[in-house]
Amino acid sequence: MTLALGCIADDYTGASDLANTLTRAGLRTVQTIGVPADDLALPEVDAVVVSLKSRSIEAGLAVTRSRAADKWLRSRGVHHVLFKICSTFDSTDAGNIGPVMDALRADCGEANVLVTPAFPETGRTVYQGNLFVGAVPLNESPLKDHPLNPMHDSNLVRVLARQSSTQIGLVDLGTVARGAAAVRARLAELADKGVGAAIIDAVFDRDLETIGLVAGEHRLSVGASGMGIGLARALVSTGKVKPSAASSDSGAAVGGPAACLAGSCSQATLRQIASAEKIMPVLHLDPDRILTGSDEAQRALSWARPRLAEGPVLIASSSTPEQVAALQARHGRDAAGYAIEQAMADIAENLVKSGVRRLIVAGGETSGAVVDRLEIPGFLVGAEIAAGVPVLRAVGAQAGDMLLALKSGNFGGPEFFADALRLMR
Ligand code: ADP
């Protein structure tokens, strides 16, 4: 199988966002966790998003991991690779955007790379090379105080030049507005001057389409989900990909018992748990017992197993903000979070051993702990349950065919668990 698009994402949630965006644009998309094994059997797909955690690690390590991902994608016939970064260009003068871009560019021998974090539907726009977050330039946005990579310069030509060994050019909005031919001409002009990469302006969705068309003719681009939209639409409009209905179709039913796990303490999740109480048995874990070493996971499993044949169950550690604060005061924030995440992972692992094949998890960190424990190499992205939360079909999982929904705490409406179960047959 030849993939139409390969992507390397520098963090997991950014990867999911991109995979979901590509699916909505009609591309059948798999998101992998890390660089897949050479023998990973992929379903018939158009795009693969390799999720790395390389945004804030040492630049040399980010380069090594990104090159391994690139090699895997190119070995699957990928012509174009999108290096997916954050739409707020999260990085420091030491990297990692510039060093990774330079290495991938050298590996594929590309003369000129288009770069833009623009994603107009989420308020990220680029004008004259300056990134705006909503109405303010990047350096006036909350990103100026980011704990890992404070952004003090909104001019991305300058920001990227400090990180890259190549000269950085600009393709301005006027050129983009004149269409693909004008962008190609400008890139040729820059390439003649030895400029290896260019920030390209984008303010409206239609700018992304022009950019996607031209970027896809090259071997490498750098951008956020907006660049993904542009590339996906170009693949569809040029007939290279026949759009699929994956975003409204959950595929073949998996059957088997279903379970929900909630480790998020967000207001939205607390409301969703209250709604779920009306339609399924709910067990509230005792977080203190988890922290003091009692086998709370075992108690939960003994409670769940006899109920699974009757229908879905929900197991929650979630508490009110006051209870969370009290627990953290007694045990420390990190220790409390970690212990509860591991208990949730224990429960998930044993539920799957007991036959659960449809699993819904509420909470970003909680989902990460569960997915790592289940050692799931990747997911085929399916129908959208709520904005940003698709049904995921496990690819290459030890347990075989399985459906998951991984929800960031605040996502989804009050009936989220029922909504998810309806789409996860
Ligand atoms: P969200 O997506 O809402 O941020 P996460 O799963 O990312 O949810 O984070 C929730 C964190 O709170 C996790 O580390 C989890 O283990 C922890 N946690 C869950 N329940 C409790 C609780 N009752 N008290 C304190 N911490 C909790």
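Reader: Which helices and strands each supply at least two residues to the lining of the largest pocket?
Author: In this predicted model, local features need pLDDT of at least 70 and side-chain atom pairs 80 or more, while totals for chains, interfaces and linings use all residues. Numbering runs from 1 along each chain as its sequence is written, and side-chain values use heavy atoms, without hydrogens or water. Elements are DSSP runs numbered from the N terminus (helices H or I, at least four residues; strands E, at least two). The ones you want are α1 (12-24), α13 (333-353), α14 (364-374), β2 (29-33), β16 (378-386), β17 (389-395) and β18 (403-407).

Reader: OK, and what is the volume of the largest pocket?
Author: A pocket is an open set of 1 Å grid points where a 1.4 Å probe fits, with protein on both sides within 12 Å along at least five of seven lines; lining residues have an atom within 4 Å of a point. Volume is the space filled by probe spheres on the points, joined across faces, edges and corners. For the largest pocket, that's about 1500 Å³.

Reader: Which residues of its lining are closest to the centre?
Author: The lining has 48 residues, and α1 gives the largest share, 9 of them. Closest to the centre are Asp 11, Tyr 12, Thr 13, Gly 14 and Ser 16.

Reader: What about the second largest pocket: which element gives the largest share of its lining?
Author: This one has a volume of about 510 Å³. Its lining has 23 residues, with Gly 263, Cys 265, Val 324, Gly 337 and Ile 340 closest to the centre. Two or more lining residues come from each of α10 (287-291), α12 (321-331), α13 and α14. The largest share, 6 residues, belongs to α13.
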